[in-house]
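Please look through the sequence and the 3D structure below. The report that follows takes them piece by piece.

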Amino acid sequence: MKKNHIILLAIAAALLLVLPQYLKNYGVYLLTYWLIFVLATMGLNLTVGYAGQKSLGHGAFFGIGAYTVAILLKAGISWWIGMPLAALLCFVVGLILGFPALRVQTIYLAFATLGFNTAVWLVMRNEEWLTGGTFGINNVARPGLLGLSLDANRPYYYFVLGVTVLMALLLLGLLRSPWGKAFTALRDNPIRAESLGINIRAYTLLAFAIGAAYAGVAGALFASLVQFIEPAPFAVAASIMMYLMVVMGGPGYFFGPVLGAAMGVVVPEWMRDVPGVSEWYLPLFGAAVVVLMVWLPDGLLSLPDRIRAKRASREASAARSAAAAAAKGVKA
Amino acid sequence: MTDFLQLFFSGLATGSIYALAALGFTLLWQAAGTINFAQGEFVMLPAFMMLGFMAMGAPLLVAFLLSCLVSVVVLGWAFKKSIVDPLLRFGMMPIVVATIGLSIAMRNGVRAGFSAEAHPFPSLFGDALFKVAGVTVTAADIGTLVFALLIVVGTQAFLAKTVTGRAMQAVAQNTESASVLGINVPRMIFYTFAINAVLACAAALLVTPTYLAKFDMGESLGTKAFFAAIIGGFNNSRGALLGGLIVGVSENLAAAYISPAYKDAVALVIFMVVILFKPQGLLGKKEERKV
Amino acid sequence: MTALLKVTDLKKAYGAIQAVGGVSFEVQPGEIFGVIGPNGSGKTTLFNSMLGQITPNAGKIELKGEDVTHCGPLELSRRGVGRTFQTLQVFGKMTVRDNLIVAAQEHHGSMVSRMFAPGDSGLGTKADALIDRFRIRHVAHLKAGTLSYGQQKLVDIAMAFMSEPDLVLLDEPCAGVNPSLVGGISTLLKDLNRNPASGKKSSFVVIEHNMDFVMDLCHRIMVMVEGKVMAIGTPAEIRANKQVLDAYLGA
């Protein structure tokens with residue numbers, strides 16, 4: 001890795017470890033909220049950014065993760081069993097959602113996943129016997145870790161940080177293995193990929209399943225963070241926001257979700273507190289999204305590549321005009 | 001039976017409004033590869049524009065025409081120039097996200113800048129009731145259906161029968177060949193955006209009297225328009241009409257015979273069934289994956 | 001010796017149009033087999049049938065003695081068939097070297113083992129060898145999408161050879177290529193055919209319109225006209241064939 005990248009990572013790690021000591025309760029809560037969305041959108045980045053699938057139903061997996069853990073806790077089953085079960089359930093449902101993706105492409109797939117999300121949300125809202133319906137499930141407990149209580153905000157933050165970093169390392173390992181190249185091939189040219197022996201069906205299903213599992217884990221963490229869950233945060237609007245986060249951060253860039261989740265979660269909250277802004281924070285956020293897309297269509301993290309490409313083309317055209325001038329000089 | 005016919009007929013009227021929004025949505029996709037997630041807000045904004053013009057003293061139809069004009073400039077030309085043109089070559093993702101941002105900005109901008117309340121809106125048609133074949137229908141239902149159908153059929157006739165319309169179709173089917181043939185592609189694409197703006201304006205004129213003008217009226221309308229466009233066939237203009245009518249009628253029937261809570265679910269269920277079994281829509285053509 | 005590829009009476013119709021109307025031929029191991037014919041003669045349809053992209057209406061395709069008529073592109077790749085495409089199909093956002101690596105990685109190990117394999121699946125040396133052979137070392141680390149058309153064409157061809165297939169199908173390898181590069185491609189292909197990296201013989205089937213290229217490169221040539229085989233023979237035989245001259249080559 002390049003030297004400045006290592007330095008950046010070190011600074012970021014230091015900030016993440018030290019910052020909560022200086023923030024008030026709400027600040028720590030917001031930071032934890034952000035981390036959970038980094039985890040969820042990391043999964044979506046795999047599905048959308050690396051494998052090129054159009055998934056607008058991620059919020060449903062987030063919700064399935066949250067509800068699984070909450071319902072099991074209510075039945076007396078520990079979070080530590082609930083969370084892996086949530087991840088597994090999301091993995092399986094993600095596989096199932098991948099099947100339409102094999103038959104249907106691009107815009108139609110996007111709508112199919114939207115439909116899936118709405119269907120799941122309707123079940124959450126209407127099946128009171130299971131999910132509490134619109135009344136939701138309250139008093140969701142936080143897990144204990146080896147005898148330590150995670151009930152307070154700060155300890156829970158460090159726990160979430162640990163889980164997120166661990167899952168990120170797993171994902172990095174996967175992307176650096178041959179699977180990473182296979183996903184990129186699937187995204188950029190599925191027909192060619194298949195003719196080279198890449199099983200695009202399998203990789204498509206796995207892109208959905210793994211992405212979904214990440215959202216499931218994030219959902220489990222979310223349930224214990226907010227400790228009261230109801231259907232609203234898992235509706236289509238949430239999926240659309242997560243999609244926004246992936247695209248704004250930079251699809252296919254590993255740290256895209258870090259920036260994207262910051263833009264989607266932290267920035268609106270900050271804006272709300274700026275004096276004079278109040279109810280204009282949402283329209284301003286919307287406008288910011290539009291401006292960002294027009295300026296950097298490949299996301300925030302595409303900026304270094306953009307600068308590099310511009311410099312390279314400037315050098316190339318300078319070389320060309322120098323060569324032309326030299327040729328002219330020789331001719332004369 | 002008369003109840004059923006009544007519901008059917010008023011469902012057709014609502015459905016024809018969805019058809020207007022769905023048609024614009026489909027045209028933008030076909031001609032300009034644009035998925036406009038802000039289509040619902042494109043209907044909401046003219047509704048408020050018309051209210052504004054009427055507050056300044058203009059009668060309804062004049063307000064409508066003025067709003068059409070402003071919409072063509074803002075929702076047609078400005079939208080295309082500032083958002084669609086720069087992003088078109090980057091694939092679908094940036095445009096989808098940009099239009100999502102636009103819809104958030106428009107919806108909440110109206111709420112913060114104008115009002116969060118629902119405003120009444122005058123109807124073009126008055127309150128008369130008619131009895132047709134034993135079924136009671138309102139003047140608004142008949143008027144809406146006729147007006148919307150005229151616009152949809154008129155748009156399709158324009159596309160199929162006039163030189164400009166056929167040029168627009170050529171651009172939609174094969175942009176490169178069209179430009180080689182000397183068709184002014186950017187202008188044809190602009191016309192598509194302009195038509196979409198007018199269709200949205202017309203939808204606003206017809207739907208707002210019933211739903212009232214509110215900043216979030218675009219949300220459900222936009223969703224229904226998407227569903228309608230997909231159900232009918234996303235690469236086919238006639239599909240938008242069929243899809244809109246299907247959604248309108250089923251909603252009405254579901255609300256009455258099943259339960260009002262499932263009104264929104266019906267469009268969703270039909271949509272899911274279509275996506276799973278005939279993803280190109282009822283009237284659409286299969287789009288092959290190109291090598 | 002058994003033919004590597006045997007096509008028997010292949011037929012494919014699109015509605016009323018008989019694109020391929022009963023084509024039969026054999027390709028021997030190590031042979032370069034050319035397919036020529038006017039546009040619309042059914043060459044591409046034949047190719048796509050052989051590559052599992054289309055299912056033929058009738059007829060049989062046998063690879064190394066096994067019936068592969070109904071196999072799809074994935075299965076064919078596993079059985080040792082490689083191909084290039086008429087339109088460039090490289091992975092633009094990956095480097096040239098990665099393009100080559102991904103072209104063969106799925107032929108080694110299983111899905112699970114690949115999760116734990118190193119990033120280049122141990123194919124780094126092979127990729128480098130091919131890069132040197134194709135003389136694209138100076139652009140190997142660049143993103144494939146930034147290369148010139150001719151260079152991308154070379155990458156495209158190299159990708160087809162990475163998995164050391166027994167049969168390589170080349171769809172108009174000279175299309176859109178600078179005339180000065182065509183000779184280079186011909187030499188490269190001859191070299192790959194005579195001195196394969198793996199040591200085992202590989203056969204090529206080449207569709208091309210560039211007559212000089214085809215006559216110079218191929219051991220045998222098949223002429224297709226209107227979906228049927230008009231003649232199969234050595235370049236000399238084809239050049240002397242009166243029917244072919246009248247229908248296709250003649251002035």
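## A helix and its cover

What covers the buried residues of helix H13 of chain A? The cover includes helix H11 (236-249) and helix H12 (256-273) of chain A, together with helix H3 (60-87) and helix H4 (92-113) of chain B. Helices here are DSSP runs of H or I with at least four residues; strands are runs of E with at least two; both are numbered from the N terminus. A residue is buried if 20 or more other C-beta atoms lie within 10 Å of its own, exposed if 12 or fewer, and partly exposed in between, with C-beta atoms placed from the backbone.

The buried residues of H13(A) include A:Tyr281, A:Phe285, A:Val289 and A:Met293. H13(A) covers residues 281-295, which is 15 residues. From first C-alpha to last, H13(A) reaches 21 Å, close to the 21 Å expected. The expected span is 1.5 Å times one less than the number of residues.

## About the model

This is a predicted model, in which local features need pLDDT of at least 70, side-chain atom pairs count only at pLDDT 80 or more, and totals for chains, interfaces and linings use all residues. Residues are numbered from 1 along each chain as its sequence is written, while chains are lettered from A and ligands numbered from 1 in the order in which they are written.

The model scores ipTM 0.86 and pTM 0.86. Chain C has a mean pLDDT of 87, and 98% of its residues reach 70 or more. pLDDT is the predictor's confidence in each residue, from 0 to 100.

## Where chains meet

Chain A gives 32 residues to its contact with chain B, and chain B gives 31. Two residues are in contact if their C-beta atoms, placed from the backbone, lie within 7 Å. On the chain A side, helix H4 (79-103), helix H5 (106-126), H11 and H13 each supply at least two residues. That side divides into 24 nonpolar, five polar and three charged residues. Nonpolar means Ala, Val, Leu, Ile, Met, Phe, Trp, Tyr, Cys and Pro; charged means Asp, Glu, Lys and Arg; the others, Gly among them, are polar.

Chain C also touches chain A: 27 residues of chain C contact 19 of chain A. Helix H2 (73-78), helix H3 (96-102) and helix H4 (111-116) of chain C each give two or more residues to the chain C side.

## A buried glycine

B:Gly248 sits in helix H10 (residues 237-257) of chain B. B:Gly248 counts as buried because it has 25 C-beta neighbours inside 10 Å. Beyond neighbours within four places in sequence, its contacts include B:Gly11, B:Thr14 and B:Tyr18.

## Two sheets in chain C

Six strands of chain C form an open sheet with mixed pairing, in the order E6-E7-E8-E3-E9-E10. Two strands pair if DSSP finds at least two bridges between them. The edge strands are E6 (81-83) and E10 (228-233). Strands E3 (residues 32-36) and E9 (residues 220-225) of chain C run parallel, joined by four bridges. C:Phe33 has C:Arg220 as its bridge partner in E9(C).

Four other strands form an open antiparallel sheet, ordered E2-E1-E4-E5 (chain C). Eight bridges join E1 (residues 5-14) to E2(C). C:Val7 stands opposite C:Phe25 in E2(C).
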